Amino acid sequence: MNLGRSTPSLPAGETATGRRAAARRSVLLWLAASVGLALALGALSTLAARTLDLTSPLAPPLPEPTRQGGGAVAADSWPPADFRLPTLDGESLGPPDFVGKPMVLDLWASWCVPCRAQAAELARLQSELGDEVQILGVNIGESEDIVRGDLERHPVAWPTVLDRDQTLMRRYRASGLPTVLVVDVTGRVRFVRTGVTDAAILRDEIRQSRPQPISR
């Protein structure tokens, strides 16, 4: 018996089964998007970790350094400059060979354009202080042939050693090149700065690193 009521009909082509299938597709698309986002974030994290590796057997975890003006770092907590590295002549050379004299370590590479300006500042410093300071160039991560060729094109008046494994970059948390370190007469690193550093700044740091006379 028809009481005047009719059962609503579904739109053409749409069934309950179709709606369930569409819902499943929506869920699958959402899951795929979530997995893709997670993978992308993981890849970015891995890339960031590989960009700057601060782990080194020579550099145990250190407290966050206190930064001074101009990018300098107060280096009270840095490990001492007690290392030696190979020279282009097959010998080993490092700060322990110059105990008793203030040093400037110049971390550089042939591809680093600002490193040329830093070399000019170091030449100015050496011209002013002469034998009062020892400069030591430290090439970062390049082969002997590349370093030798670069020094033939751009000679310097101080010795150069090779840090092929970039140990000092990690040890002293250098964020780029050039980086200079001032080492006092006892082998203590007292100043670390990334970026071109004026000769006047280095001169002041060197003079402050000398033992002060005892007042009577």
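Reader: What makes up the lining of the largest pocket by class?

Author: The lining of the largest pocket holds 7 nonpolar, 2 polar and 3 charged residues. Here Ala, Val, Leu, Ile, Met, Phe, Trp, Tyr, Cys and Pro count as nonpolar, Asp, Glu, Lys and Arg as charged, and the others, Gly among them, as polar. This is a predicted model, in which local features need pLDDT of at least 70 and side-chain atom pairs count only at pLDDT 80 or more, while totals for chains, interfaces and linings use all residues. Residues are numbered from 1 along each chain as its sequence is written, and side-chain values use heavy atoms, with hydrogens and water left out.

Reader: Which residues line the largest pocket?

Author: Asp106, Trp108, Cys115, Arg116, Ala119, Asp150, Leu151, His154, Pro155, Val156, Trp158 and Thr160. Lining residues have an atom within 4 Å of a pocket point; a pocket is an open set of points on a 1 Å grid where a 1.4 Å probe fits, with protein on both sides within 12 Å along at least five of seven lines. The space in the largest pocket is about 150 Å³.

Reader: Which elements each supply at least two residues of that lining?

Author: They are strand S5 (103-108), helix H2 (114-129) and helix H3 (144-153). H2 gives the largest share, with 3 residues. Helices (H or I, at least four residues) and strands (E, at least two) are DSSP runs, numbered from the N terminus.

Reader: Why is Gln166 called partly exposed?

Author: Its relative accessible area is 37%. Buried means under 20%, exposed over 50% and partly exposed in between (1.4 Å probe, protein chains only), so Gln166 falls in the middle class. Gln166 sits in the loop between strand S7 (160-163) and H4. Although not a glycine, Gln166 has a positive phi of about 60 degrees.

Reader: What makes Arg173 partly exposed?

Author: Arg173 has 25% relative accessibility, so it belongs in that class too. Its phi is near 55 degrees, again positive in a residue other than glycine. Arg173 lies in the loop between H4 and S8.

Reader: Which residues does the cis peptide bond join?

Author: Leu177 and Pro178, with omega about -5 degrees. Pro178 is in the loop between helix H4 (167-171) and strand S8 (179-183).

Reader: Where does pLDDT stay under 50?

Author: Residues 1-5 are one such stretch, with 0 contacts beyond four places in sequence. Residues 42-70 are also below 50, yet have 31 contacts beyond near neighbours in sequence. A contact means heavy atoms within 4.5 Å, and pLDDT is the predictor's confidence in each residue, from 0 to 100. Where pLDDT is low, the predicted coordinates should not be read in detail. The protein chain averages 79, and 64% of the residues score at least 70.

Terms used. Points joined across faces, edges and corners; volume = space filled by probe spheres on them.
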